[in-house]
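Have the structure open as you read.

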Amino acid sequence: MSDDKQENDGISYELGLPGGTTFRVVPPEVGVPVIRLWLEHDWPMSVQEGLELRDRLGWQPSPTDEMMFTTGHDLGGKDAYFIDLKGQANSFHMELASRIPKASTPPEAPDLVRQAYTQYVQVLTDLYGAGTTKHSQGRNGPQESTTWTLPSGASLQLGAVGRVLSATVDSPAANRAAEAERRYFEEEEEEA
């Protein structure tokens, strides 16, 4: 994990936890290139292409589900997966921060996640233009997400809440299905 241990722009991406464990956040210079590989891939992406991309990245598949895997980001366990829909990769999800129990979360962890989120948004905005940002208040504190949609129809949602930072890439087909569902429910509501 040598790349992830860096300190950039004054931010250390690791926090020591009781018991000698470490809370880690994947720095943007490590996470963004991986996100781009999935987001900018030619769509549709077959399951086989998704598995080949996983292997090219050197990620380890779960023994029980080859579409769940452990990245090289040292976040503790399976931290990425993609969803198969009729033989196509429908969406890809990757954690960008260690999973730790809420009770073990150091008070600095949410601040580190917010700082990293801000950095990711800046880098991704430089690449794709301004995304659509949503703010809300959840039971685990403030939530923020930014979504970018590419001309291909694929989209990226980067989200931060408390100690959690993650990225989800949805295929053009997934986005078309979500839009059709949204329109359907709007029409049902109008008719009611």
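Arg-176 is found in helix 4, which spans residues 172–191; helices (H or I, at least four residues) and strands (E, at least two) are DSSP runs, numbered from the N terminus. Arg-176 counts as exposed because its relative accessible area is 57%. The scale here is simple: buried means under 20% relative accessible area, exposed over 50%, and partly exposed in between (1.4 Å probe, protein chains only). From Arg-176 to Ala-103 you have 73 residues in sequence and 39 Å in space, C-alpha to C-alpha.

A word on ground rules: this is a predicted model, local features need pLDDT of at least 70, side-chain atom pairs count only at pLDDT 80 or more, and totals for chains, interfaces and linings use all residues. Residues are numbered from 1 along each chain as its sequence is written, and side-chain values use heavy atoms, with hydrogens and water left out.

Stay on helix 4 for a moment. Arg-182 and Glu-179 both sit there, three residues apart, or about one turn of the helix. Their side chains meet in a salt bridge at 2.3 Å, N to O; the term stands for a side-chain nitrogen of Lys or Arg within 4 Å of a carboxyl oxygen of Asp or Glu. Arg-182 is partly exposed at 37% relative accessibility, and Glu-179 is partly exposed too, at 29%. The pair belongs to a network of salt bridges linking Glu-179, Arg-182, Arg-183 and Glu-186.

How many salt bridges are there by this rule? The count comes to eight. One of them joins Asp-74 to Arg-24, with the closest N and O atoms 3.3 Å apart. That pair links distant parts of the chain, 50 residues apart: Asp-74 is in the loop between strand 6 (68–70) and strand 7, while Arg-24 is in strand 4 (residues 22–24). Asp-74 is partly exposed at 38% relative accessibility, but Arg-24, at 12%, counts as buried.

Now for the strands. Strand 10 (residues 141–149) holds Thr-146, and with a relative accessibility of 1%, Thr-146 counts as buried. Its side chain makes a polar contact of 2.9 Å with that of Thr-133. (A polar contact is a pair of N or O atoms within 3.5 Å; within protein, one must be able to donate a hydrogen and the other to accept it, and residues adjacent in sequence count only if both atoms are side-chain atoms.)

Strand 10 runs antiparallel to strand 11, joined by seven bridges; two strands pair if DSSP finds at least two bridges between them. Here Thr-147 stands opposite Gln-157. The two strands form a hairpin with five residues between them, and Gly-153 in the turn has a positive phi of about 100 degrees. Strand 11 (residues 155–161) is mostly covered, with five of its seven residues buried. Next comes strand 12 (residues 164–170), antiparallel to strand 11 over seven bridges. This hairpin has two residues between its strands, including Gly-162 with a positive phi of about 55 degrees.

Finally, the inside. The largest nonpolar core has 47 residues, and Phe-23, Trp-38, Leu-158 and Leu-165 have the most contacts inside it. Such a core is a set of buried Ala, Val, Leu, Ile, Met, Phe, Trp, Tyr and Cys residues joined through side-chain atoms within 4.5 Å. Among the elements giving it two or more residues are helix 1, helix 3, strand 11 and strand 12. Helix 3 gives the largest share, eight residues.
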